[in-house]
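Here's a quick tour of a two-chain model, written for someone who likes to know the cut-offs behind the numbers. Have a look at the structure first, then read on.

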Amino acid sequence: MAPALDGPVQAALVQYLLRLGDDRLVLGHRLSEWCGHAPILEEDIALANIALDLVGQATLFLGLAGAAEAAGRDADALAYLREAIDFRNVLLAELPKGDFAFTIVRQFLFSVAAYYRLEGLATSSHGDLAGIAGKALKETRYHVRHSGEWVIRLGDGTSESHTRTQAALDALWRYTGEMFLADDVDATLVRAGVIPDLATAEPKWLAQVTGVIERATLAVPPSGYMQRGGRTGRHTEHLGIMLAEMQILQRSYPGAKW
Amino acid sequence: MADDGTPAPSDGQWPLWEVFVQPPRGEPFEHAGSVHAVDAESALQNARDVYTRRGEAVNIWVVPTAAITASTPADSGPFFDPGNDKPYRHPQFYSVPRGVRV
């Protein structure tokens with residue numbers, strides 16, 4: 001049992017856990033859309049495995065969010081019975097899956113950022129949060145390896161794969177800044193000593209991502225305007241459509257189990 | 001034909017790799033099956049995803065299928081005939097001291 005926190009800190013913790021959970025739930029669902037459609041059987045299994053890892057992490061983070069909120073909502077209620085405006089995932093996670101290059105580049109950009117965040121959170125003074133982060137960190141290390149090796153092969157592959165991978169990188173780059181935005185929620189938790197200051201995550205991410213992009217003979221897109229909004233519930237039009245599909249069963253048959 | 005001039009496999013698939021996994025507790029590697037992959041690192045990852053997700057292994061080897069030289073069914077006579085007419089190959093007629101397990 002975690003020690004009781006002050007009201008505002010507890011509220012910030014709920015928000016923070018929703019962000020962690022929603023990032024993984026939404027991206028995991030996007031990855032699951034490849035099931036049966038990946039380029040080869042082996043990659044179909046690999047993407048489904050990563051999707052399952054992410055949905056599993058989401059279950060733990062959302063379960064903890066529900067417990068911290070203490071309003072009687074469990075992980076399923078949070079996943080299946082909230083509207084798009086209540087989701088707190090980054091916009092990067094909700095974009096349609098695109099082609100294989102787009103999916104792989106997104107997974108790589110996300111997984112490296114997730115890795116450095118989880119690495120910090122594994123040292124959290126909040127025991128449950130630290131425990132989940134440590135478990136997720138192990139899985140994320142493999143996600144980085146798998147997606148990173150693919151970025152290198154696609155970028156340094158045929159002219160077709162190179163063009164598509166560079167296009168994906170250019171399209172996704174403006175969505176990466178949101179992963180490192182720190183607002184009042186982060187500041188409150190850092191001040192209360194619940195989570196460490198994660199300001200070093202972004203330079204570490206940039207260094208690692210740049211290294212892989214260069215090995216892949218691709219170009220790092222110029223830094224410029226960064227999209228944001230997901231953390232406060234302002235999403236792209238794609239999320240609502242995705243949620244309609246993801247939630248229809250629980251919406252149509254409340255409490256259905258199998 | 002790929003960009004670098006290497007010929008594509010005749011079936012249009014990526015090259016085939018044979019997967020060997022070592023079960024926990026360091027037992028000998030066993031053949032688990034095969035995967036398609038463009039290179040050794042990808043083959044290793046595919047093998048991990050296809051064959052070892054439930055704790056079946058602590059080590060994986062991947063070997064290009066083309067690198068394996070196998071016996072053929074036609075070899076079964078000369079290769080594997082146990083030579084039952086040569087009893088000295090089957091040292092089973094010694095009396096084994098009690099308490100020794102064979």
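How many salt bridges does the rule find across the interface of chain B and chain A? It finds three, where a salt bridge is a side-chain nitrogen of Lys or Arg within 4 Å of a carboxyl oxygen of Asp or Glu.

## Ground rules

This is a predicted model, so local features need pLDDT of at least 70 and side-chain atom pairs count only at pLDDT 80 or more, while totals for chains, interfaces and linings use all residues. Residues are numbered from 1 along each chain as its sequence is written, chains are lettered from A and ligands numbered from 1 in the order in which they are written, and side-chain values use heavy atoms, with hydrogens and water left out.

## Where the chains meet

One of the salt bridges here pairs B:Arg53 with A:Asp53, with 3.5 Å between the closest N and O atoms. Chain B and chain A also share 10 residue pairs in polar contact, both residues being at pLDDT 80 or more. A polar contact is a pair of N or O atoms within 3.5 Å; within protein, one must be able to donate a hydrogen and the other to accept it, and residues adjacent in sequence count only if both atoms are side-chain atoms. On the side of chain B that touches chain A, the elements giving two or more residues are strand E2 (30-36) and helix H1 (40-51) of chain B. H1(B) gives the most, with eight residues. That side divides into five nonpolar, four polar and six charged residues. For the bookkeeping, Ala, Val, Leu, Ile, Met, Phe, Trp, Tyr, Cys and Pro count as nonpolar, Asp, Glu, Lys and Arg as charged, and the others, Gly among them, as polar.

In total, the contact (heavy atoms within 4.5 Å) takes 16 residues from chain A and 15 residues from chain B. The two chains bury about 1,400 Å² between them, with 49% of it on carbon and sulfur atoms. Buried area here is the accessible area (1.4 Å probe) that two parts lose on being put together, summed over both.

## Chain B by itself

Chain B has three strands and two helices, running β-β-α-β-α along the sequence. Helices (H or I, at least four residues) and strands (E, at least two) are DSSP runs, numbered from the N terminus. Of its 102 residues, 19% count as buried, using under 20% relative accessible area for buried, over 50% for exposed and partly exposed in between (1.4 Å probe, protein chains only).

B:Asp39 is worth a click. It sits in the loop between E2 and H1 of chain B and is partly exposed, at a relative accessible area of 23%. Its side chain makes a polar contact of 2.5 Å with that of A:Arg153 and another of 2.7 Å with that of B:Ser42. Leaving aside neighbours within four places in sequence, B:Asp39 is in contact with A:Arg153 and B:Trp17.

## Two positive phi angles

Most residues other than glycine have a negative phi. B:Arg25, in the loop between strand E1 (16-22) and E2 of chain B, has a positive phi near 70° and is exposed, with a relative accessible area of 76%. A:Thr217 also has a positive phi, of about 60°. A:Thr217 lies in the loop between helix H9 (201-215) and helix H10 (237-252) of chain A, and counts as partly exposed at 43% relative accessibility.

## Salt bridges in chain A

Over all chains, the count comes to 17 salt bridges. A:Arg19 and A:Asp183 form one of them, at 2.8 Å between the closest N and O atoms. A:Arg19 lies in helix H1 (residues 7-32) of chain A and A:Asp183 in the loop between helix H7 (159-172) and helix H8 (184-191), so the pair ties together parts that are 164 residues apart in sequence. A:Arg19 is buried, with a relative accessible area of 6%, whereas A:Asp183 is partly exposed at 31%.

A:Arg164 and A:Glu160 form another, at 2.7 Å. These two are four residues apart in helix H7 of chain A, which means about one helical turn between them. A:Arg164 is partly exposed, at 41%, and A:Glu160 is partly exposed too, at 47%. Salt bridges that share partners also join A:Arg19, A:Asp183 and A:Asp186 into one network.
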